[in-house]
Amino acid sequence: MNGSDTLVLRAVEKGCFIDGQLSLAALCNEGLVGTVDLYNYDPINNRAAVGIVVKEALRRQGYGRAMLKALDTLCCEQLNLHQVYCDIVEGNKASLRLFLSCDYRQIGLMHGWVLVGDSYRDVVRLQKIFSNVFDKPNADKLACMLRRE
């Protein structure tokens with residue numbers, strides 16, 4: 001990704017968090033560079049899981065980092081998420097490096113969590129905490145909405 005590129009995230013479907021998931025297309029001067037998914041959305045605790053895919057031909061060029069940075073902005077400024085997390089299968093060093101470089105922190109290791117081929121593999125859970133959602137300007141409004149439910 002060069003300095004003149006601008007990356008934007010666009011919802012794949014209309015509506016926010018259909019069935020607890022929000023799929024986003026990552027678009028740049030080159031067109032579609034990948035996708036980002038927020039899933040397992042938890043509106044009570046203001047968190048969601050993150051999944052990311054960068055087109056194979058465009059990997060290791062900064063697109064993944066740009067996608068996660070754009071996602072941070074979306075999560076903080078529009079979705080008011082307190083935190084996001086991801087699960088990475090052991091051995092996926094590129095993905096682990098990407099998320100760690102974007103300020104995600106390891107919070108767990110799940111042994112034998114996923115079946116890959118004919119063996120179970122460990123999964124690393126990473127988390128990024130943005131801030132307390134109640135620090136946002138609409139905190140009073142949100143707190144009132146929560147009390148009514």
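In the predicted model, a salt bridge joins the side chains of Lys-128 and Asp-72, with an N to O distance of 2.5 Å. This pair connects distant parts of the chain: Lys-128 belongs to strand 7 (residues 119–129) and Asp-72 to helix 1 (residues 63–77), and the two are 56 residues apart. Lys-128 has a relative accessibility of 10% and therefore counts as buried, the limit for this class being under 20%. Asp-72 also falls under that limit, because its relative accessibility is 16%.

The structure contains five salt bridges. Another of them is formed by the side chains of Asp-87 and Arg-125, at 2.6 Å from N to O. Here too the pair links distant parts of the chain, with Asp-87 in strand 5 (residues 83–89) and Arg-125 in strand 7, 38 residues apart. Asp-87 has a relative accessible area of 31% and so is partly exposed. Arg-125, with a relative accessible area of 26%, is likewise partly exposed. A further salt bridge is found between Asp-103 and Arg-105, whose closest N and O atoms are 3.8 Å apart. Asp-103 is classed as partly exposed because its relative accessibility is 47%; for Arg-105 the value is 48%, which also counts as partly exposed.

The protein comprises three helices and seven strands. Along the sequence these elements follow the pattern β-β-β-β-α-β-α-β-β-α. The strands make up an open sheet of seven strands in the order 1-2-3-4-5-7-6, and the pairing is mixed. Strand 1 (8–11) and strand 6 (105–116) are at the edges; each has a single partner strand, so one side of each lacks a neighbour in the sheet. On average, and with direction ignored, neighbouring strands of the sheet are turned by 30° against each other. Within the sheet, strand 4 and strand 5 are paired in the parallel sense over three bridges, and Ala-49 stands opposite Tyr-85 in strand 5.

Helix 1 packs on this sheet and touches strand 1, strand 2 (22–28), strand 3 (31–42), strand 4, strand 5 and strand 7. The direction of helix 1 makes an angle of about 155° with that of strand 4.

In helix 2 (residues 93–101), the buried residues are Ser-95, Leu-98 and Phe-99. These residues lie on the same side of helix 2, because the arc they cover around the axis is only 90°. They pack against strand 4 (47–54), helix 1, strand 5 and strand 7. Just after helix 2, Asp-103 adopts a positive phi of about 70°; Asp-103 is also the residue that forms the salt bridge with Arg-105.

A pair of aromatic rings is described by the distance of the centres and the angle of the planes. The structure holds one aromatic pair. It is formed by Phe-99 and Tyr-104, with 4.9 Å centre to centre and 90° between the planes. The arrangement is edge-to-face, a class that requires planes over 60 degrees apart. Phe-99 and Tyr-104 are both buried. Phe-99 is one of the buried residues of helix 2.

When neighbours within four places in sequence are left aside, Gly-108 is in contact with Val-123, Val-124 and Arg-125. Arg-125 is in turn the salt-bridge partner of Asp-87. The C-alpha atoms of Gly-108 and Asp-87 are separated by 9.3 Å, the two residues being 21 residues apart along the chain.

For the protein as a whole, 38% of the 149 residues count as buried. Among contacts with a separation of 6 or more, 49% are accounted for by residues 24 or more positions apart.

How values were computed. Residues are numbered from 1 along each chain as its sequence is written. This is a predicted model: local features need pLDDT of at least 70, side-chain atom pairs count only at pLDDT 80 or more; totals for chains, interfaces and linings use all residues. Side-chain values use heavy atoms; hydrogens and water are left out. Rings of Phe, Tyr and Trp (its six-membered ring) pair if their centres lie within 6.5 Å; planes under 30 degrees apart count as stacked, over 60 as edge-to-face and the rest as tilted. Buried means under 20% relative accessible area, exposed over 50%, partly exposed in between (1.4 Å probe, protein chains only). A salt bridge is a side-chain nitrogen of Lys or Arg within 4 Å of a carboxyl oxygen of Asp or Glu. Helices (H or I, at least four residues) and strands (E, at least two) are DSSP runs, numbered from the N terminus. The arc is that of the directions from the helix axis to the C-beta atoms. Contact means heavy atoms within 4.5 Å. Two strands pair if DSSP finds at least two bridges between them. Axes are lines fitted to C-alpha atoms, for helices over the stretch in contact, and angles run from 0 to 180 degrees between N-to-C directions.
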